[in-house]
Amino acid sequence: QVQLVDTGGGLVQSGGSLRLSCAAAGRTFSRYAMGWFRQSPGKEREFVAAISWSDGITLTADSVKGRFTISRDSAKNTVYLQMNSLKPEDTAVYFCATGRVYINMAFMKTERRYDSWGQGTQVTVSS
């Protein structure tokens, strides 16, 4: 029943920044995480980052570590992905998602752990 709306994508030059937002509506499990995945044409979805809602523990893919930061605003039921030092290889459709954390956050890098998805927002980084 969770509905996610992800926004903030756009066209940016290499080295630029964007901030993606994902607003959630509806019920969720008491222990859950929200995350970001990305997908380019012809490729599978790739994990980007995730954050646990209860305690703010984060996971970040090695490919974006040090450049991307995930955060949340619990009062607004919103998760953000701040993307700095963008590279052309970051070009993709970015999807936010939410899923229950059954064991620990380490498992939330896996796509199948998520059961609700946003519509996606396009990020294009030009060289």
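How many helices and strands does the secondary structure of the protein come to?

## Basis of the model

This is a predicted model, in which local features need pLDDT of at least 70, side-chain atom pairs count only at pLDDT 80 or more, and totals for chains, interfaces and linings use all residues. Residues are numbered from 1 along each chain as its sequence is written, and side-chain values use heavy atoms, with hydrogens and water left out.

## Overall architecture

The secondary structure comes to 0 helices and 11 strands; from the N terminus on, the elements run β-β-β-β-β-β-β-β-β-β-β. Helices (H or I, at least four residues) and strands (E, at least two) are DSSP runs, numbered from the N terminus.

The C-alpha trace spans about 40 × 25 × 25 Å along its principal axes. For 127 residues a compact globule would have a radius of gyration near 14 Å, and the value of 14 Å for the protein agrees with this. That radius is taken over C-alpha atoms, and the globule rule is 2.2 Å times the number of residues to the power 0.38.

## Burial, contacts and surface

Of the 127 residues, 44% are buried (under 20% relative accessible area, with a 1.4 Å probe and protein chains only). Among contacts (heavy atoms within 4.5 Å) with a separation of 6 or more, 59% come from residues 24 or more positions apart.

The protein exposes about 6,800 Å², of which carbon and sulfur atoms supply 46%; the areas come from the Shrake-Rupley method with a 1.4 Å probe. There are 15 positive and 10 negative side chains, and the centres of the two sets lie 4 Å apart. Lys and Arg count as positive and Asp and Glu as negative, while His and the chain ends are not counted; each charge is placed at NZ of Lys, CZ of Arg, CG of Asp or CD of Glu.

## Strand β8 and its partners

Strand β8 (residues 78-83) has 5 of its 6 residues buried, so it is largely enclosed by the rest of the structure. Strand β3 (residues 18-25) pairs with β8 in the antiparallel sense over 6 bridges, and strand β7 (residues 68-73) is joined to β8, also antiparallel, by 6 bridges. Pairing requires that DSSP finds at least two bridges between two strands.

Tyr 80 in β8 stands opposite Ser 21 and opposite Ser 71. β7 and β8 form a hairpin with 4 residues between them, and Asn 77 in the turn has a positive phi of about 50°.

## Leu 4 in strand β1

Leu 4 belongs to strand β1 (residues 3-7) and counts as buried because its relative accessibility is 7%. Beyond its neighbours within four places in sequence, Leu 4 has contacts that include Cys 22, Met 34, Cys 96 and Trp 117.

Key. Buried means under 20% relative accessible area, exposed over 50%, partly exposed in between (1.4 Å probe, protein chains only).
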